[in-house]
Structures are given as structure tokens and as C-alpha cells.
Amino acid sequence: MDIEQRMATITRNAEEIVTKEELRELLSKKETPRAYIGFEPSGLVHLGWALVTSKIKDLADAGFEVIVFWADWHAYINDKLGGDLDNIRICAGYMEDCFKALGVPDKGVRFVYASEILSDIDYWEKVIKVAKATTLSRVKRAMTIMGRSEDEAEVDFSKLIYPILQATDIFCMDIDLAYAGMDQRRAHMLARDAAEKLGWRKPVALHTPLLPGLKGGNRMDPASAKMSKSDPGSSINIHDDDEAIKSKMKKAFCPPEKEKEGENPVLMLCRYIIFPRLGMMDISRPEKFGGDVSFSCYEDLSDSYFSGSLFPLDLKNGAADSLAKILGPVREYFEKNPDNYAAMRQLFDNMEKLR
């Protein structure tokens, strides 16, 4: 690929690049730059990961070395899975399987645990330097990256450290491009600001959209309405069978108004999951309602829907059928590799018994 082809691959389906000029310069200077995306191991995986997986593949195809970073100590700070590091690491093993099942390539991608880099004294020197370059008010504002409010720092001081650690991760792994959903933007901007003050290289920040939950989105507060594993009714779990997918899609919010396109979870699944994965979408419907129809691009589907020639129920049924195709190979993967998923289910069962 030449630089423009690499740019197109990296930026497709992205909501924001900070900045495109810096990305182009990076690609002109480095043949194999380094990117990362961080995850707290914290639960079962939902369909939003299919978007993330596609972007990781895009980065690898564009010549990046991509690090998938298991933020085990960060999850501990954030009280995930009972604040138990053994539980958190069981979940990381399961999540690694999920990435492989969803198509993360072996070439160009590696998995790293936070505990592997936190033992280095250089890491903690950088933590102090980043903290010195960052105001308390900015750290508190960035606490939304962990799904927390500023007030929660008054209960547990460790949560104030979290945004500083996330920025330091980027510098200690020598990251050229930091990738995440839009909910992690404040952490990346904190890192860029600290880098400028400290005279370090600023990471390019790449952000993809947050898929709205099936109950509906909110453009004014997308993070609060995103697809979330903590609300099973708002998301499709990658382990859901065809009937569960159809049932959830039938109940999904699906407004016919064009101005609510970004809040429509069914259309967003079509745009960011179905068309990138399948390249088309087939919709079966009775002859009296126009018969079967196929779409080769999202724009044609959207035009048909908002013109009124495609009804919400037909759209939902077509999306459910397409998602079942996409998740079929995931179920096959876990049938062949059941151990980590079984350990995760056992962990959930044990935690439920303790409640």
C-alpha cells in the first residue's frame, strides 16, 4: 500500500483522527509504527467488539504493529470482577479468545498485560512526570473514561491515578497511535497534552464511534447510551444464538426519522458491523411488501429506509439474519476452544453465589 491507501484503510469508519496531518507524517517516516488499544477485562463480550476487531485488522493491514493491552491493574482499580486480579486475568484469557474468534489476525498483533510493564521502575518515573504535567481538575474530568464521576475520587483515591496510568501506558510502550472508542478521548487528549509539556512524542489518536444500545442512543451523551455488557437487554452478546438475536432485534429502537439516524441502533449495526463484514445485506420479505431485496452499500439501505420503501420490521429482520451469519463462526470457534469461556462462565456463577 502507498501512504494514501494506508490512510484510507486506517481512517475508514473512524469518527475522529487527532490529527490526520500527524498520521500522514507518521506513515511517511515509519514503515511499521506501533498502535495500541487497551481493555479492562471485565465481562462477557458484546457485538461492539466486531467494530473494534475490524479496526485492529485495518491497522495491521496498514503496516502497524498493534498491541492489545489487557489493563489488569486498571480493572483492579476500577473494582471490576470483585477487584480480584485472578478473576480479571481469567477474563483476559477469555477476551483474547473473543478477539481471535472475531478475526483479529495473528500477524501484526500481540497481547500485553499491564502487569508486564508496571514492574519497570521507568514506568513509575513516567507516572510521576505525567502527573506533574497534569492538573487535578483535568484528571477528574478524565475519570469518565472509566465510567466514573469526579465525586467517586473522594471515596477511593486510587481512581485518580487511573487516567495518569492510562497516559503512561502509551509512553512506556512507545506508542505512535492510540486507538479507542470515543469514550476514551479524554485519556488520549490528556496524554497528548502531557507529551507536549514534557517534550515527548505526541501519539496520534484514532477514535471509532460508540454503537448505541438497542434501546436507543443519545447524540448529546453517547457514552451513557452505548451498547454495554452490563445491560444485556441493550446489547447483543457474541455468544447469543440466532433466536436470541432475532428476539433482541425485534425489540430494538428503530426510528424512521432521518435526523435520528445516529441514534438508531439497527442502522448503526448495519453501517459499522454488517456492511464492513459482509459487503452486502439481504432482506427477505413477503411479495405483497415488495419481495426480497439486497443492498450492496449502507447508503442505498439508508436511502431506502428513510424514503419509506423499507419498513422498520423488515430492516430489523434483515439485520438479525446478517448478524447471525457474522456470529456463526464465533460460535464455531468456541465449540473448538471452550476452556476460557467455560472458566468465565464458572467465574460468573461463583460470583453470583456470593451475592
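In this predicted model, strand S5, helix H10 and strand S6 form a β-α-β unit, and its hand is right-handed. H10 covers residues 185-198. The helix lies across S1, S5 and S6, and runs at about 175 degrees to S6. S5 (residues 177-181) and S6 are parallel, and five bridges join them. One of these links pairs Ala180 with His207 of S6.

S6 has a neighbour on another side of the story too: strand S1 (residues 16-18). Here the two strands run antiparallel, with three bridges between them. Glu16 has His207 as its bridge partner in S6.

How enclosed is S6 (residues 204-208) by the rest of the structure? Five of its five residues are buried, so the strand is largely enclosed by the rest of the structure. In a regular strand, side chains alternate between the two faces of the sheet. S6 can be read that way residue by residue. Val204, Leu206 and Thr208 point one way, Ala205 and His207 point the other way, and all are buried.

Now step back to the sheet. It is open, has six strands, and its order is S1-S6-S5-S2-S3-S4. The pairing is mixed. S1 and S4 (109-113) stand at the edges; each has a single partner strand, so one side of each is left without a neighbour in the sheet. From one strand to the next, the twist averages 20 degrees. Further along the order come S2 (residues 34-39) and S3 (residues 65-70), which pair in the parallel sense over six bridges. Within S3, Val66 stands opposite Ala35.

Next, the packing. In soluble globular proteins, nonpolar side chains tend to be buried together. The largest nonpolar core in this model has 77 residues. Those with the most contacts inside it are Leu23, Ile56, Phe64, Met249, Leu301, Leu315 and Leu323. Take Leu301 as a way in. Leaving aside residues up to four places away in sequence, Leu301 touches Leu267, Cys270, Phe275, Met281, Ile283, Phe295, Leu310 and Leu315. Leu315 is itself listed among the residues with the most contacts in the core.

Terms used. Residues numbered from 1 in each chain as written. Predicted model: local features only at pLDDT ≥ 70, side-chain atom pairs only at ≥ 80, totals over all residues. Heavy atoms only, no water. Core = buried A, V, L, I, M, F, W, Y, C linked by side-chain atoms within 4.5 Å. Buried < 20%, exposed > 50% of the residue type's maximum accessible area, 1.4 Å probe, protein only. Contact = heavy atoms within 4.5 Å. Helix = DSSP H or I, 4+ residues; strand = E, 2+ residues; numbered from the N terminus. Pairing = 2+ DSSP bridges. Right-handed = clockwise from strand over helix to strand, strands pointing away. Axes fitted to C-alpha atoms, helices over the stretch in contact; angles between N-to-C directions.
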